[in-house]
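Open the model in your viewer and keep the selection panel at hand. Each stop below says what to select and what is there.

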Amino acid sequence: MANPACLVIGWNPAYQKVLSFTELQKGGVNRATSLHKDVGGKGQQVAKALHFYRESTPIFLAQFLGGQTGEWIQQFLSTLGFQQLTVHVTSETRTCTTLLAKDETTEIIDPSDPVTPEEVEKMEQLISEHIEKIQRSR
């Protein structure tokens with residue numbers, strides 16, 4: 001029996017950067033030893049986990065994306081093979097930066113700009129257009 005389709009709502013995605021350091025000096029110049037880029041956001045993480053642990057589950061990810069970081073997120077997620085229900089918004093998708101040094105982790109999170117009522121309406125319409133397809137995927 002096939003797994004039922006899953007609609008994942010990822011309202012607040014992030015472009016996630018993880019920088020590693022041998023030592024981090026507050027107020028000084030710090031040169032990273034490595035950089036890892038990924039997608040952040042609770043909904044996006046759920047969709048990725050479903051993809052990796054329940055490969056036969058059809059996944060539909062509803063999300064708002066904007067700017068260059070939004071484009072990067074959409075391209076990255078497209079390689080995973082689930083369907084993205086994306087509304088492109090006027091504001092840039094936030095960046096979250098994690099700094100790793102020794103036994104210490106520091107998280108720097110950009111503010112999230114609000115979506116407009118028109119963008120919310122577009123998302124409602126997009127989900128409505130796909131809901132039958134999602135239900136048929138059971």
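Leaving aside neighbours within four places in sequence, which residues is Thr86 in contact with? Select Thr86 and find out. The partners are Gln63, Leu65, Gln74 and Leu126. This is a predicted model, so read each stop as a feature of a prediction.

**Stop 1: around Thr86**

Stay on Thr86. Thr86 belongs to strand S5, residues 83-88. Its relative accessible area is 15%. The cut-off for buried is under 20%, so Thr86 counts as buried. Now show the side chain of Gln63 as well. A polar contact of 3.2 Å links the side chains of Gln63 and Thr86.

**Stop 2: the whole chain**

Zoom out and switch to a cartoon. Trace from the N terminus: the order is β-β-β-α-β-α-β-β-β-α. The C-alpha trace spans about 55 × 40 × 20 Å along its principal axes. The protein has 138 residues, and 41% of them count as buried. Consider contacts between residues at least 6 apart in sequence: 65% of these join residues at least 24 apart.

**Stop 3: the largest nonpolar core**

Select Val8, Tyr15, Val39, Ala47, Leu50, Ile59, Leu61, Leu65, Ile73, Leu77, Leu80 and Phe82. These twelve residues form the largest nonpolar core. Colour by element next. Helix H1 (42-53), strand S4 (59-65) and helix H2 (67-78) each give two or more residues to this core. Which element gives the most? S4 does, with three residues. In soluble globular proteins, nonpolar side chains tend to be buried together.

Pick Ile73 from this set. Beyond its neighbours within four places in sequence, Ile73 is in contact with Pro13, Ala14, Tyr15, Val39, Gln63, Leu65 and Thr93.

**Stop 4: helix H1**

Select 42-53. H1 has twelve residues. From first C-alpha to last, H1 reaches 16 Å, close to the 16 Å expected at 1.5 Å a residue. Which residues of H1 are buried? Highlight Gly43, Gln44, Ala47, Lys48 and Leu50. Look down the helix axis. The buried residues fall within an arc of 160°, so they line one face of H1. Now turn to the face pointing away from that buried side. Lys42 and Tyr53 are exposed there. Back on the buried side, the cover over these residues includes S1, strand S3 (34-40), S4 and H2.

**Stop 5: the aromatic pairs**

Show the rings of Phe, Tyr and Trp. How many aromatic pairs are there? The count is three.

Start with Trp11 and Phe64. Their ring centres are 5.2 Å apart and their planes meet at 35°, so the pair is tilted. Trp11 sits in the loop between strand S1 (6-10) and strand S2 (14-21), and Phe64 sits in strand S4. The pair therefore ties together parts that are 53 residues apart in sequence. Buried or exposed? Phe64 is buried, at 7% relative accessible area, whereas Trp11 is partly exposed, at 44%.

Move to Trp72 and Phe76. Here too the centres are 5.2 Å apart. The planes are at 15°, so this pair is stacked. Both residues lie in helix H2, four residues apart, which is about one turn of the helix. Trp72 has 25% relative accessibility and counts as partly exposed. Phe76 is partly exposed as well, at 26%. Ring pairs link Tyr15, Trp72 and Phe76 into a cluster. Tyr15 also belongs to the largest nonpolar core.

**Stop 6: Lys102**

Finish at Lys102. Look in the loop between strand S6 (95-101) and strand S7 (104-109). Check the backbone: phi of Lys102 is near 50°, a positive value in a residue other than glycine. Most residues other than glycine have a negative phi. Lys102 is exposed, with a relative accessible area of 68%.

Methods:
Residues are numbered from 1 along each chain as its sequence is written. This is a predicted model: local features need pLDDT of at least 70, side-chain atom pairs count only at pLDDT 80 or more; totals for chains, interfaces and linings use all residues. Side-chain values use heavy atoms; hydrogens and water are left out. A nonpolar core is a set of buried Ala, Val, Leu, Ile, Met, Phe, Trp, Tyr and Cys residues joined through side-chain atoms within 4.5 Å. Buried means under 20% relative accessible area, exposed over 50%, partly exposed in between (1.4 Å probe, protein chains only). Contact means heavy atoms within 4.5 Å. Rings of Phe, Tyr and Trp (its six-membered ring) pair if their centres lie within 6.5 Å; planes under 30 degrees apart count as stacked, over 60 as edge-to-face and the rest as tilted. The expected span of a helix is 1.5 Å times one less than its number of residues. The arc is that of the directions from the helix axis to the C-beta atoms. A polar contact is a pair of N or O atoms within 3.5 Å; within protein, one must be able to donate a hydrogen and the other to accept it, and residues adjacent in sequence count only if both atoms are side-chain atoms.
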